[in-house]
Amino acid sequence: QQQQQQQPNYLGVNLPQSTNFHLIPNKQNVVIQQRNEVYKDVSVDVESALEETEELIQTALQHLEFELTRIEEREKYEHAAVLCPRYVKSQDFQLMFLRADKFDAKKAAQRM
């Protein structure tokens, strides 16, 4: 039987046989860097967390709405809002971004 030659694989992507692997960064380092970036995005600094009052939440949501009108990639946000408005426009969804950015509406809008 003839063994099939396996295509090179980089982060789950099949690459052509002619791929120059010396041009690709160390796979392990890339994966670790991606993991660290995701961890940074989803982790919360408990010591600097704000006390969430209804007033803080409502004010932050209003500021976020304003900042969303000013983001550079507004078209992408609007496209997502058209595809799934109940999700994108929901308070729970928006609060995830506000909390991740310690209620900084400008940062949250950019992340969205």
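The following questions and answers cover confidence, core packing, backbone angles and aromatic pairs in a predicted model.

Residues are numbered from 1 along each chain as its sequence is written, and side-chain values use heavy atoms, with hydrogens and water left out. Because the model is predicted, local features need pLDDT of at least 70 and side-chain atom pairs count only at pLDDT 80 or more, while totals for chains, interfaces and linings use all residues.

User: Which element of the chain has the highest mean pLDDT?
Analyst: pLDDT is the predictor's confidence in each residue, from 0 to 100. The chain averages 75, and 60% of the residues score at least 70. Where pLDDT is low, the predicted coordinates should not be read in detail. Among the elements (DSSP runs numbered from the N terminus: helices are H or I with at least four residues, strands E with at least two), strand β1 (residues 9-10) has the lowest mean, 48, and the highest, 94, belongs to α2.

User: Which elements do the buried residues of α5 pack against?
Analyst: The buried residues of α5 are Phe-93, Gln-94, Leu-95, Phe-97 and Leu-98. Contact means heavy atoms within 4.5 Å. Leaving aside neighbours within four places in sequence, the contacts of Leu-64 include Gln-94 and Leu-98. The buried residues of α5 pack against α2, α3, α4 and α6.

User: Is Phe-103 buried or exposed?
Analyst: Most residues other than glycine have a negative phi. In the loop between α5 and α6, Lys-102 has a positive phi of about 50°, and Phe-103, also placed in that loop, has a positive phi of about 65°. Lys-102 is partly exposed, with a relative accessible area of 46%. At a relative accessible area of 13%, Phe-103 is buried.

User: What distance separates the C-alpha atoms of Lys-89 and Glu-65?
Analyst: Lys-89 lies in the loop between α4 (85-88) and α5 and is partly exposed at 49% relative accessible area. Not counting residues up to four places away in sequence, Lys-89 touches Tyr-77, Ala-81 and Gln-94. Lys-89 and Glu-65 are 24 residues apart along the chain, and their C-alpha atoms are separated by 9.6 Å.

User: Which residues form one aromatic cluster?
Analyst: Rings of Phe, Tyr and Trp (its six-membered ring) pair if their centres lie within 6.5 Å; planes under 30 degrees apart count as stacked, over 60 as edge-to-face and the rest as tilted. The whole structure holds 2 aromatic pairs: Tyr-87 and Phe-93 have ring centres 4.6 Å apart and planes at 50°, so this pair is tilted. The rings of Phe-93 and Phe-97 have centres 5.0 Å apart and planes at 65°, so that pair is edge-to-face. The cluster is formed by Tyr-87, Phe-93 and Phe-97.

Conventions
Buried < 20%, exposed > 50% of the residue type's maximum accessible area, 1.4 Å probe, protein only.
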